[in-house]
Amino acid sequence: MELWQVIVLCLLSFGVGAAGFGFIMFRLGGKHRMKFAEAHIESAEKEALRVINEANEKAQAKKKTALIEAKDEIYKFKAEAEKDINRQKQESERDIKERRNELNRNEKRLQQKEENLEKKSDKIEKLEESLVHKNKLLDEKVEAAEREKQLQHDKLVQLSGLSMEQAKAELLSLLDGELDHEKAVRIIAHEQRVKDECDNKARAYISLAISRLASETVSEIAVSVVPLPSDEMKGRIIGREGRNIRTLEQLTGVDLIIDDTPEAITLSSHDRVRREIARISLERLIQDGRIHPTRIEEMVEKAKHDVEVKIKQEGERAVLDTNVNGLNHEIVKLLGRLYYRTSYSQNVLAHSIEVAHLSGILASELGVDATLARRAGLLHDIGKALTQEIDGSHVHIGIEVCKKYKENPEVLHAIEAHHGDVEAKTVIAAIVQAADAISAARPGARSENYENYIKRLQKLEEICTAYNGVEKSFAIQAGREVRIMVKPDSMNDDGMVILARDIAKKIEDDMEYPGQIKVHLIRESRVIDFAK
């Protein structure tokens with residue numbers, strides 16, 4: 001508390017006491033009151049002086065204490081300031097020392113680089129002197145080579161005895177050889193470019209269709225073989241005086257060939273349905289063991305029924321496989337009969353299913369109705385199911401059958417145009433025509449007449465041997481490749497390229513063939529001698 005506050009409190013206390021005392025004295029009486037008040041006032045003044053003195057003493061003590069604390073603070077601050085100054089001075093001296101060391105190191109590196117540059121400069125000067133010397137030597141050698149070249153040229157002219165015109169002719173001949181080579185290279189490059197550009201779309205569609213279709217091809221022959229448990233069964237099948245074999249042949253219309261073939265009987269007939277009925281009947285008779293005319297009639301009737309069921313099942317399978325709906329049930333039966341028909345050893349039902357799939361794929365790629373295309377592809381050979389019962393081509397029969405069951409006009413036109421009998425006027429007809437050709441031309445799908453096959457190979461060899469320089473030609477790989485032996489003295493390698501192109505062009509113009517034919521030229525030199 002401050003001094004003046006103490007004094008004010010004392011005075012207030014004194015005033016309050018005096019007032020109280022005066023009030024008492026006033027109550028007690030005049031004089032007595034005055035004496036008592038004076039005594040009390042005197043006592044109060046003393047107390048006030050005492051309090052003031054104590055307050056002054058305390059204030060002086062606090063002042064001294066504050067001065068001492070202030071001096072201590074000033075001393076501490078001064079000491080810290082001196083410490084900071086000393087620390088900064090030390091750090092500054094250390095930085096200066098490090099910088100001085102760094103400058104010394106940089107100076108040493110610069111001196112080292114200068115020394116290295118001086119050494120390299122000396123080496124370069126030495127190399128320049130060496131190069132100048134070598135250039136002089138090379139110039140001297142070039143001059144000597146030029147003189148030697150001129151001397152050799154003069155000697156060659158003298159030895160050859162060629163005039164200027166003869167030398168030009170020789171040069172032109174060499175130039176012709178180079179031009180032949182360039183021509184051959186250009187032919188090969190042009191053929192490759194044209195092949196890539198022209199066949200790109202067709203190859204894309206055909207390869208896509210074929211890659212999405214895998215169909216089994218049934219190999220057709222005119223006979224079927226039935227295995228026997230033993231050769232004794234042959235006598236039982238023939239029967240007494242041949243009655244069993246006669247009954248079986250009359251009921252089925254199939255010839256039974258029983259020869260020396262061990263444990264087997266051959267069934268011969270061009271009608272696969274009859275041959276299948278005979279095969280099933282004979283296998284069941286052999287399994288049953290009771291072989292006589294009455295039992296043979298029963299087995300043949302059961303086999304006919306089973307074959308009819310098989311025909312219906314195959315027709316329904318073809319419809320489901322190709323996803324062709326809405327066909328008349330009689331047409332479905334006719335489709336099933338195609339299972340027992342072949343064309344150039346290709347199963348007609350498998351061929352029809354294949355054409356239907358190919359037609360659908362091609363139609364999808366071209367943005368045409370794929371369902372209608374599959375329908376036309378499946379029915380394009382439907383006439384072959386009745387070719388033995390009705391006169392006329394299978395195209396005409398197929399059209400009449402489909403008209404009878406009110407097929408789509410576009411399907412009728414596709415059937416009519418699929419062999420080119422009429423011009424294809426719709427996209428569906430063109431697609432079916434192309435799909436039929438693709439299926440028939442697939443390697444292994446069909447076999448051709450032996451005589452026509454031989455004639456085609458002979459014609460292929462005749463075309464090749466007609467050219468000058470050809471010694472022999474051989475058609476191999478079933479006519480899909482021809483190997484031509486060229487006389488080595490009459491033709492060079494570049495001429496072979498031109499000859500191969502000419503032969504390939506001649507084959508394309510003069511022959512009709514499925515797929516492609518590889519023209520393979522061979523030029524070979526042989527030397528033969530005998531050691532005696």
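1. Some notes on the basis of what follows. This is a predicted model, in which local features need pLDDT of at least 70 and side-chain atom pairs count only at pLDDT 80 or more, while totals for chains, interfaces and linings use all residues. Residues are numbered from 1 along each chain as its sequence is written, and side-chain values use heavy atoms, with hydrogens and water left out.

2. Overall make-up. The chain's secondary structure comes to 16 helices and 8 strands, where helices (H or I, at least four residues) and strands (E, at least two) are DSSP runs numbered from the N terminus. Of the 532 residues in the chain, buried residues make up 29%; buried means under 20% relative accessible area, exposed over 50%, and partly exposed in between, with a 1.4 Å probe and protein chains only. Among the contacts (heavy atoms within 4.5 Å) with a separation of 6 or more, 60% are accounted for by residues 24 or more positions apart.

3. The largest nonpolar core. A nonpolar core is a set of buried Ala, Val, Leu, Ile, Met, Phe, Trp, Tyr and Cys residues joined through side-chain atoms within 4.5 Å. The largest one holds 42 residues, of which Leu327, Leu335, Leu338, Leu378, Leu379 and Ile382 touch the most other members. The elements that give two or more residues to this core are α8 (293–322), α9 (329–337), α10 (348–366), α11 (370–379), α12 (394–404), α13 (409–417) and α14 (427–441), and α10 gives the most, with 8 residues.

4. Leucine 378 and the second core. Leaving aside residues up to four places away in sequence, leucine 378 touches Ala318, Thr322, Val324, Leu327, Leu335, Ser352, Ile353 and Ala356. There is also a second, separate core of 25 residues, which includes Met233, Ile237, Ile286 and Val300.

5. The three-stranded sheet. An open sheet of 3 strands has the order β6-β7-β8, and its pairing is mixed; two strands are taken to pair if DSSP finds at least two bridges between them. Because β6 (470–476) and β8 (518–523) stand at the edges, each with a single partner strand, one side of each is left without a neighbour in the sheet. The twist averages 20° from one strand to the next; axes here are lines fitted to C-alpha atoms, for helices over the stretch in contact, and angles run from 0 to 180 degrees between N-to-C directions.

6. Pairing in detail. Strands β6 and β7 run antiparallel and are joined by 6 bridges, whereas strand β7 (residues 481–486) and β8 pair in the parallel sense, also over 6 bridges.

7. Salt bridges. Side chains of opposite charge can pair when their charged atoms come close. With a salt bridge defined as a side-chain nitrogen of Lys or Arg within 4 Å of a carboxyl oxygen of Asp or Glu, the count comes to 17 salt bridges. One of them joins glutamate 314 and lysine 310 (3.0 Å, N to O); these two are 4 residues apart in helix α8 and are therefore separated by about one helical turn. Glutamate 314 counts as buried at 8% relative accessibility, while lysine 310 is partly exposed, with a relative accessible area of 29%.

8. Further charged pairs. Aspartate 381 and lysine 384 meet through their side chains in a salt bridge (3.6 Å, N to O), and both aspartate 381 and lysine 384 are buried. Salt bridges that share partners join Asp288, Arg290, Arg295 and Glu298 into one network. Within this group, the side chains of aspartate 288 and arginine 290 meet at 2.9 Å, N to O; aspartate 288 is partly exposed, with a relative accessible area of 29%, and arginine 290 is partly exposed, with a relative accessible area of 48%.

9. Cysteines. A search of the whole structure finds 0 disulfides, a disulfide being a pair of cysteine sulfur atoms within 2.5 Å. Cysteine 402 is buried, with a relative accessible area of 0%, and cysteine 464 counts as buried at 0% relative accessibility.
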